[in-house]
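Here are a few notes to go with your first look at this model. Have it open beside you as you read.

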Amino acid sequence: MAPDRTQLQNMSKPEHESFKEYAQGWRDLAAQVAPPMVEREMVTMMVDTLPVFYYEKLVGYMPSSFADLVFARERIEVGFEEREVRLHLLHRYQR
């Protein structure tokens, strides 16, 4: 049975899954929804499934395509990881 919009809205990324894997699986399910979803609806709904940290970063940008959404989310993740490394090194060398 094909998923509906409510099921897509209630999804969340599992801890063990990369964002790219989650996004691809989510999009594959979204493609099965009837009536079909337009790109903008998919982007908006996908952003709504993200944790608050990412939602706050993306809501001002609101990508126009699903590919842009995945790219933006990956850039946020890289920036966050780089910030964490810098903070760790800063604390380490201040001791």
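1. Start with L58. Skipping its neighbours within four places in sequence, L58 is in contact with V47, L50, P63, L69, A72, R73 and I76. Keep in mind that this is a predicted model.

2. Next, the core. L58 is also among the residues with the most contacts inside the largest nonpolar core, along with L8, F19, W26, M37, M46 and F66. That core has 21 residues. Helices α2, α3 (39-48), α4 (52-59) and α5 are the elements that each give two or more residues to this core.

3. Now for the rings. You'll find two aromatic pairs in the structure. F19 and Y22 are three residues apart in helix α2 (residues 19-30), so about one helical turn separates them. Are these two buried or exposed? F19 has 6% relative accessibility, so it counts as buried; Y22 is buried too, with a relative accessible area of 3%.

4. W26 and F66 make a stacked pair, 5.9 Å centre to centre with 10 degrees between the planes. This pair links distant parts of the chain: W26 sits in helix α2 and F66 in helix α5 (residues 66-94), 40 residues apart. W26 is buried, at 0% relative accessible area, and F66 is buried at 4%.

How values were computed:
Residues numbered from 1 in each chain as written. Predicted model: local features only at pLDDT ≥ 70, side-chain atom pairs only at ≥ 80, totals over all residues. Heavy atoms only, no water. Phe/Tyr/Trp six-rings, centres within 6.5 Å; stacked < 30°, edge-to-face > 60°. Helix = DSSP H or I, 4+ residues; strand = E, 2+ residues; numbered from the N terminus. Buried < 20%, exposed > 50% of the residue type's maximum accessible area, 1.4 Å probe, protein only. Core = buried A, V, L, I, M, F, W, Y, C linked by side-chain atoms within 4.5 Å. Contact = heavy atoms within 4.5 Å.
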